[in-house]
Amino acid sequence: MAVSAVLANCAFAGLGGANEDALTPDPKLLERAKALLNKAPFIDTHNDLPSMFLETKAGDLTSFDMSKVQPTLCADIPRLREGCVGAQYWSVFVESGTQKTHTSLHEALREFDVVLRFIHSRTELEQARTAGDIERIHQAGRIACLLGVEGGHMIENSPAALRTFHELGARYMTLTHWGDASAG
């Protein structure tokens, strides 16, 4: 959900003097919230866009004009901007069932590839690796991009794979995501 929608929902809920009967957010509160978000970046900690690129067009980024709203995707540049997203964690996710076929690592690298190509193809985006990077990128008016690995199965029990993911920009890895090797 875009930050402006979240902020509007807060205003609807009586957290700032909105006209609750008409469900109209208080424009002054929205303006104040946007001003605050210009100073301190809103960090969205989960976005599945990389998986969607692979699922819908096999990672062909030229199939989408990300400078325009893409209703079939979970995010695009206009909606990230509208939502005042200052930093975005892009999720690297591969189904846990890929453990059975020993393709978890391979598929994870495909996902890293697509998200890094996306980040590097957009002037509005820049990869961040540290908190300092997030602040610098946000102050420059761009969206800081970080990567998170959603499921430890993707390293296939290899510390070398974990180190490689870190070099590629991963800054967190969950131990599990949706299931285990017996799940899909």
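## Salt bridges and strand pairing

Asp65 and Lys68 form a salt bridge, with 3.7 Å between the closest N and O atoms; the term requires a side-chain nitrogen of Lys or Arg within 4 Å of a carboxyl oxygen of Asp or Glu. The model is predicted: local features need pLDDT of at least 70, side-chain atom pairs count only at pLDDT 80 or more, and totals for chains, interfaces and linings use all residues. Residues are numbered from 1 along each chain as its sequence is written, and side-chain values use heavy atoms, with hydrogens and water left out.

Asp65 has 32% relative accessibility and so counts as partly exposed. Lys68, at 52%, counts as exposed.

Eight salt bridges are found in a search of the whole structure. Side chains of opposite charge can pair when their charged atoms come close. Three of these bridges, including the one above, are tabulated here.

| Salt bridge | N to O distance |
|---|---|
| Asp65 and Lys68 | 3.7 Å |
| Asp113 and Arg117 | 3.0 Å |
| Arg136 and Glu126 | 2.9 Å |

Helices (H or I, at least four residues) and strands (E, at least two) are DSSP runs, numbered from the N terminus. Asp113 and Arg117 both belong to helix H5 (residues 104-121), where they are four residues apart, about one turn of the helix. Asp113 is partly exposed at 39% relative accessibility, and Arg117 is partly exposed at 36%.

The side chains of Arg136 and Glu126 also meet in a salt bridge. This pair links distant parts of the chain, ten residues apart: Arg136 is in helix H6 (residues 131-139) and Glu126 in strand S3 (residues 125-127). Arg136 has a relative accessible area of 39% and is partly exposed; Glu126, at 21%, is partly exposed as well.

Strand S2 (residues 85-92) has eight of its eight residues buried, so the strand is largely enclosed by the rest of the structure. Two strands count as paired if DSSP finds at least two bridges between them. S2 pairs with strand S1 (residues 42-44) in the parallel sense over three bridges, and Gln88 in S2 is the bridge partner of Asp44. S2 also pairs with strand S4 (residues 143-150), in the parallel sense over six bridges. Here Trp90 stands opposite Leu147 in S4.

Key
Buried means under 20% relative accessible area, exposed over 50%, partly exposed in between (1.4 Å probe, protein chains only).
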